[in-house]
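Colleague: I am new to reading models of this kind, and I would like to look closely at one part of this one. Please take me through it slowly, and then show me how to read the rest in the same way.

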Amino acid sequence: MIRFILPFVIFVILSVFLYKGLGRDTREVPSPLVNKAAPAFVLPKLSEPDQKFSPADMKGKVWLLNVWASWCGACKDEHPILMELSKQNIVHIIGLDYKDKREDGEATLQRAGDPYTLTISDVDGKVGFDYGVYGVPETYVIDKQGVIRYKLIGAVNPENLTQTILPLVKELQAK
Amino acid sequence: MRYLLMALLCLMPMFAHAGEAQDIADDPVIEKRMMQLAEKVRCLVCQSEPVSNSHSDWSKDVRQIMREKMKAGATDQEIMDLLVERFGKSVLFDPPVDKETMPLWLAPFVLLLLGSAVLIYQLRKRKSRIADEPSISAEDAQRAADLLK
Amino acid sequence: MIPELGHFSLIVALFLAATLGTLPIIGAARNNAVLMGVARPLAYGQMLLMSMAFAALAYAFLNNDFSVLYVAQHSNSQLPAIYRFSAIWGGHEGSLLLWAVLLSCWTAAVAMFSKHLPQEMVARVLGVMGLIAVGFLLFMLFTSSPFDRLLPAALDGRDLNPLLQDPGLVIHPPMLYMGYVGFSVAFAFAIAALLGGKLDATWARWSRPWTTVAWVFMTIGIALGSWWAYYELGWGGWWFWDPVENASFMPWLLGTALIHSLAVTEKRGAFKSWTVLLAIAAFSLSLLGTFLVRSGVLTSVHSFAADPKRGIFILTFLVLVIGASLLLFAWRAPKIGLGGKFDALSRESLLLFNNVLLSVASASVFIGTLYPLFMDALGYGKLSVGPPYFEAVFVPLMIPMVFMMGLGPIARWKKMALPDLAKRVQWAFGAAAVIAVLLPFVGGKWTPMIALGLLLGLWIIASLVVSLVPRLTGAGTLTQRIRKQSLSYYGMQLAHLGVALFIIGVTLVKGYETERDVRMNVDDVVHAGGYDFQFKGVTEKEGPNYVAGIGRVVVSKDGKPVTELFPEKRQYNVSGMPLTEAAIEPGFIRDLYVSLGEPIPEADGAWAVRVYIKPFIDWIWLGCLFMALGGVLAISDRRYRIHKQTKEQAA
């Protein structure tokens, strides 16, 4: 009587899926931009608004684009780690001050230190939208050709920095 | 004259009103279209809410972008494509019918056909397998019912 | 000290449950009356201890004992007493305790109201329920005890989530949980019958009232939840197809199917294996709901903080309970007999076809809810399934179901002639169709969906009349005739009428609601749906644990005042979380709904205000209430009190 065992079989298959689902992070959305060219933009620098920055300026270099804001709590957690990273001079970190008042952003950097090679200001969040930013902080690894290779949603911490971001940066720099 | 005065007096409260409230949206037609479309977009920073019903900043931004694109003449499909390009397929609450979602869209109807087929088969099988039970007369049935009371 | 007593009660309750889960079942297998006899006292003892544990947690909450971690996380000294009480189930640990407490209550209720049942049946049913309690108590004691201490104690608590500080949410979870847990009784009866190998019409008769009671609670629970979403979330929506809502909707659908298939099994002794499977599945979906909400596998507004350790534990429990019962089913079901005879066209077959539709509907909700998980696990990436999918799939399934719902009560048991049936309903259908086509013109807008929805609702009502009229005319006075019909008949018709009201409510509110999203200066007026809403500004007022901006909106129609509404925008002191409290003037044919948005920057006293006119929306919950009342009537039927009568006769 196969049909009577059928409910059990279906249930077993279902449990396997439920088990696999246990570890998954439902909030994280993989970015469709990974392995695509970083969207182009021109934005003023935070401290010197007359000077503009564009991703094209970084051609030939591997760099991190770190999206942050003065109003963002998790950014304060990752700030010391970025400070540490910038001291090691391994990779350029470009800060994108996202949907923030210029003076607030500047005040934050003056108070907590400035880990960025340079910071640009995205007051209305348009560039952030182009990059698919939905939770700040976010960090992008962009290679010498200007292609996004990795996107981290949430704060940089020692673990993801040493295990994921830095090895990738080294690999890309070697290319 | 008196009637005119009375009519004027009746109108008085109307004058006290500061005015007709303005729609928040500049363009109600676009707003309506935008909200309908936003119902199909998942708010990524919320847990499981459409962008149309979300108070989050991100949803506000998306609604604003949608408004702007609509004003610039973009079709609904173009806007959805743009959102998918930026945030991935999981922003769509209404998954498009494609290879990956085929089972999802077909399952209910396949199950319905299957279920009905099995039921009809079972009903027929029952009919042939149960030999005609001795039919009881209405009298007997009544007696049985009385006994049960 | 008191929290430790609570914890200790849980441990003792665990031992009682373990004993309850073993001895009586062994006793039933060996026909040992002593072992079977311990079931009832153990059930009562377990309820007593669980109540003590619950009282201990209530005590900790009401006395602001912030040395208890769970209290510190979910309460605050400023919180009003009623919410300090309902905060007991405001988080994972406490709501789990509520689950287990209610389970012990159901167990004790079965022990109390089963005097007429054979002893071995009682022993097995209570034993199975004891085993379920063991799982929940182990889960609580090992991963999520609400009595864990926080040392040093917190000065004050982190406060209950403001969304949960609401009268509706004081009663919604207990009602819903009563439903979830109540399906454990039907489940236990099914397992007991499978264990004993005696699956007959009496089994169906015994489990029917219990199933209906659980279903009534669940109906009320779901309705309350939807009503809460309507007035608390500020968007005027009442159902969002959120995974957690779906988690309660799936067992409800299967429970509805179960009630109907139990009717066939009781009447005809037929399709017993299907009915048993439904009883197992309905409770399994209740358990699965708990898993989905607590393990973090799905995203939902309502889910508790995710913890993989808990997820593993519940999953293991789930696999043991459901897996074992399905294996038992596979082993025993082939030996189940066929039952009595009925025709392929009969009330039985209509009921069964409705069963297919309800089960498919439940399966569709299930697939839609879990599809993102399946895809992710298979490596296809992430996608979302939301309201558009569920609506697209659900409506087509409901059309044939409602059609048959009208036919069912008219069709005869065992055998019906199609032409005869068609003759009886043709006028009902015709009348419903004509009204459904014409009525939308009165409303001022005609769409196929409105006409379809009205047709479905009116069809149920018309067929109800067709069923009622011949029963109430004929010999005898009208009162005699009315009294001659059984309560369960009225219960069924009332519940079906509830479905009709529900469908009409949904149709009309979807078709004719008016929405205005406006910027209002003080004294500005907005016109919507024939009403004028004048905004009189916002004043600040302090609540017990929040500061509120209270708006005043004067509503008038044709110059005559209708009502004043006071929508609020609250900011809670501890969490700093803002919350909108919509102001609603409910009515039989329409709700007036006003909610405050944000103050307009750089405009003196101006606010964004949302105004809705929601025609017939209260029919949605009225319909649910009718369904629940129908269930209550059905179980009041004297058929289920047969043992009382026999006792009286014997005396």
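Colleague: The part I have in mind is chain B: what percentage of its contacts with a separation of 6 or more is accounted for by residues 24 or more positions apart?

Modeller: Please keep in mind from the start that this is a predicted model. The share you ask about is 45%: that part of the contacts in chain B with a separation of 6 or more is made by residues 24 or more positions apart. Chain B contains 6 helices and 2 strands, and if you follow the elements from the N terminus on, you will read α-β-β-α-α-α-α-α.

Before reading chain B in detail, you should look at its confidence values. The mean pLDDT of chain B is 78, and 74% of its residues reach 70 or more. Confidence in chain B is lowest in helix 1 (residues 2-16), with a mean of 45, and highest in helix 4 (residues 76-87), with 91. Over residues 5-17 of chain B the pLDDT is below 50, and beyond near neighbours in sequence this stretch has 3 contacts in the model. Residues 133-137 of chain B also have a pLDDT below 50, and this stretch likewise has 3 contacts beyond near neighbours in sequence. Where pLDDT is low, the predicted coordinates should not be read in detail.

The same way of reading can be carried over to chain C, where the mean pLDDT is 90 and 96% of the residues reach 70 or more. Among the elements of chain C, helix 20 (residues 642-650) has the lowest mean pLDDT, 47, whereas helix 3 (residues 39-62) has the highest, 97. Over residues 644-651 of chain C the pLDDT is below 50, and this stretch has 2 contacts in the model beyond near neighbours in sequence.

Some details of the backbone of chain C also deserve a careful look. The peptide bond from C:Leu151 to C:Pro152 is cis, with omega near -5°, and C:Pro152 has its place in the loop between helix 7 (119-143) and helix 8 (167-196) of chain C. The loop between helix 7 and helix 8 of chain C also holds C:Asp159, which has a positive phi of about 80° although it is not a glycine. C:Asp159 has a relative accessible area of 6%, so it is buried. Another residue that has a positive phi without being a glycine is C:Phe616, at about 60°, and you will find C:Phe616 in the loop between strand 10 (607-615) and helix 19 (618-635) of chain C.

In one of them C:Lys614 pairs with C:Glu513, with the closest N and O atoms 2.5 Å apart. This pair links distant parts of the chain, 101 residues apart, with C:Lys614 in strand 10 of chain C and C:Glu513 in the loop between helix 18 (487-512) and strand 1 (514-520) of chain C. C:Lys614 counts as buried because its relative accessibility is 4%, whereas C:Glu513, with a relative accessible area of 36%, is partly exposed. In another salt bridge, C:Glu568 and C:Arg570 have their closest N and O atoms 2.7 Å apart; C:Glu568 is buried, with a relative accessible area of 15%, and C:Arg570 is buried, with 11%. Finally, to come back to chain B, salt bridges that share partners join A:Asp124, A:Lys126 and B:Glu68 into one network.

Notes:
Residues are numbered from 1 along each chain as its sequence is written. Chains are lettered from A and ligands numbered from 1 in the order in which they are written. This is a predicted model: local features need pLDDT of at least 70, side-chain atom pairs count only at pLDDT 80 or more; totals for chains, interfaces and linings use all residues. Side-chain values use heavy atoms; hydrogens and water are left out. pLDDT is the predictor's confidence in each residue, from 0 to 100. Helices (H or I, at least four residues) and strands (E, at least two) are DSSP runs, numbered from the N terminus. Contact means heavy atoms within 4.5 Å. Buried means under 20% relative accessible area, exposed over 50%, partly exposed in between (1.4 Å probe, protein chains only). A salt bridge is a side-chain nitrogen of Lys or Arg within 4 Å of a carboxyl oxygen of Asp or Glu.
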